[in-house]
Amino acid sequence: EKIATGYEEDPEGGPRCFKCYHLRLLETVKEAKKRNFDYFGTTLSISPYKVSDWINEIGIELEKKYRKDK
């Protein structure tokens with residue numbers, strides 16, 4: 001999957017970043033679920049160049065979708 005196709009010229013913090021955050025967190029939550037972890041997290045939000053509100057939004061969305069007790 002080429003999630004950045006068409007977004008090559010976007011500046012840091014643009015729509016391409018949102019897609020990348022989603023992809024990275026999706027892979028993280030899938031691995032956490034596979035290993036039966038209770039939690040997942042990321043270091044993405046520590047960067048001053050990343051949009052932490054988006055990262056949190058995506059994390060909450062994925063937590064609801066992949067919750068263990070579903």
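Q: Before we look at this predicted model, what makes two aromatic rings a pair?
A: Rings of Phe, Tyr and Trp (its six-membered ring) pair if their centres lie within 6.5 Å. The model here is predicted, by the way.

Q: OK, how many aromatic pairs does that rule give?
A: The count is 2 aromatic pairs.

Q: Take Phe18 and Trp54. Why is the pair edge-to-face?
A: The ring centres of Phe18 and Trp54 are 5.3 Å apart and the planes sit at 85°. Planes over 60 degrees apart count as edge-to-face, so that is the label for this pair.

Q: And where in the chain are those two?
A: Phe18 is in helix H1 (residues 15-34) and Trp54 in helix H2 (residues 52-66).

Q: Which residues do the ring pairs link into a cluster?
A: Phe18, Tyr21 and Trp54.

Q: Switching topic: what makes up the largest nonpolar core?
A: That core has 9 residues: Cys17, Tyr21, Leu25, Leu26, Val29, Leu44, Ile55, Ile58 and Leu62.

Q: Which elements give two or more residues to this core?
A: H1 and H2. H1 gives the most, with 5 residues.

Q: Leu44 is on that core list. What does Leu44 touch?
A: Leaving out residues up to four places away in sequence, Leu44 touches Tyr21, Arg24, Lys50 and Ile55. Among them, Tyr21 and Ile55 are also in the core.

Conventions. Residues numbered from 1 in each chain as written. Predicted model: local features only at pLDDT ≥ 70, side-chain atom pairs only at ≥ 80, totals over all residues. Heavy atoms only, no water. Phe/Tyr/Trp six-rings, centres within 6.5 Å; stacked < 30°, edge-to-face > 60°. Helix = DSSP H or I, 4+ residues; strand = E, 2+ residues; numbered from the N terminus. Core = buried A, V, L, I, M, F, W, Y, C linked by side-chain atoms within 4.5 Å. Buried < 20%, exposed > 50% of the residue type's maximum accessible area, 1.4 Å probe, protein only. Contact = heavy atoms within 4.5 Å.
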